[in-house]
Amino acid sequence: MLDFLNARTEMRRKAGRIYGAIVTQARRSDFYAELRVPDTPSGRYEMVVLHLFLVLERLRANPDAASPLPRLLVEAFIADMDDSLRELGTGDLAVPKKVRRAATGLYERSMAYKGALGLGNGAALASAIAEHVYLTAESDRARMLAVYVRATASSLAAADMDELLDGKFGFPPVPVTQ
């Protein structure tokens, strides 16, 4: 009887490790210093969403091995957004609306990034990144970030599923400007 609870607890731990790896990568200073992602709560949100999207897509490519993990990762993201908003001093009554908006943003950006990646068109991906991350028209930095996103998607696709499930996977290096 307790095996069921232990399995759920272990899946939550795995989701926590994976989400921790996502956030660690999203906070790398190279994104903000080299690629000029805005170093603001909004910019950091965009980088977490971008990396979460990439990992979710990899997990969904192998649904049997990852069964509840995508849902648990989204739950970890929502809990993180709730905690972050409270730390930023957002009032208790406003937190649920803002968390809902953050979750909706995850879905919207996932659809945009998935469509752009599916086209195999670097310009479409750079355009989606420019719109969401940089809040501008396409730029050189958005194109560089699009190259990184494609490299990350390839790297995650090649990653061993057991290592991925244990949160022991790596991301490719962040491109640097000359």
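Guide: Start with Arg12, which forms a salt bridge with Glu75, with 3.0 Å between the closest N and O atoms. Keep in mind that this is a predicted model.

Visitor: Why does Arg12 count as partly exposed?
Guide: Because its relative accessibility is 41%, and partly exposed covers the range between buried, under 20%, and exposed, over 50%. Glu75 also counts as partly exposed, at 32%.

Visitor: How many salt bridges does the structure hold?
Guide: The structure holds 12 salt bridges. One of them joins Asp30 and Arg28, at 2.7 Å from N to O. Asp30 is partly exposed with a relative accessible area of 21%, and Arg28 is partly exposed with 32%.

Visitor: What does Asp140 pair with?
Guide: Asp140 forms a salt bridge with Arg143, and their closest N and O atoms are 2.3 Å apart. Both residues lie in helix H8 (residues 140–158), 3 residues apart, which is about one turn of the helix. Arg143 counts as partly exposed, at 36% relative accessibility.

Visitor: Switching to rings. How many aromatic pairs are there?
Guide: A search of the whole structure finds 4. In one of them, Tyr45 and Phe77 have ring centres 6.2 Å apart.

Visitor: Why is the Tyr45 and Phe77 pair called tilted?
Guide: Because the planes are at 40 degrees, and tilted is the class left between stacked, under 30 degrees, and edge-to-face, over 60. The pair links distant parts of the chain, with Tyr45 in helix H3 (residues 41–61) and Phe77 in helix H5 (residues 69–87), 32 residues apart.

Visitor: Are Tyr45 and Phe77 buried or exposed?
Guide: Both Tyr45 and Phe77 are buried. Another pair is Phe169 and Phe171, with centres 5.4 Å apart and planes at 65 degrees, so that pair is edge-to-face. Phe169 and Phe171 are buried too.

Visitor: Back to charge. Which residues gather in a patch of positive charge on the surface?
Guide: Lys97, Lys98, Arg100 and Arg101. Of these, Lys98 lies in helix H6 (residues 95–119), and Lys98 is partly exposed, with a relative accessible area of 35%.

How values were computed
Residues numbered from 1 in each chain as written. Predicted model: local features only at pLDDT ≥ 70, side-chain atom pairs only at ≥ 80, totals over all residues. Heavy atoms only, no water. Patch = residues over 30% accessible without salt bridge, like charges linked within 9 Å, V, L, I, M, F, W, Y side chains within 5 Å. Areas by Shrake-Rupley, 256 points an atom, 1.4 Å probe, with all protein chains shown as cover. Salt bridge = Lys/Arg side-chain N within 4 Å of Asp/Glu carboxyl O. Lys, Arg positive; Asp, Glu negative; His and termini not counted. Charge placed at Lys NZ, Arg CZ, Asp CG, Glu CD. Helix = DSSP H or I, 4+ residues; strand = E, 2+ residues; numbered from the N terminus. Buried < 20%, exposed > 50% of the residue type's maximum accessible area, 1.4 Å probe, protein only. Phe/Tyr/Trp six-rings, centres within 6.5 Å; stacked < 30°, edge-to-face > 60°.
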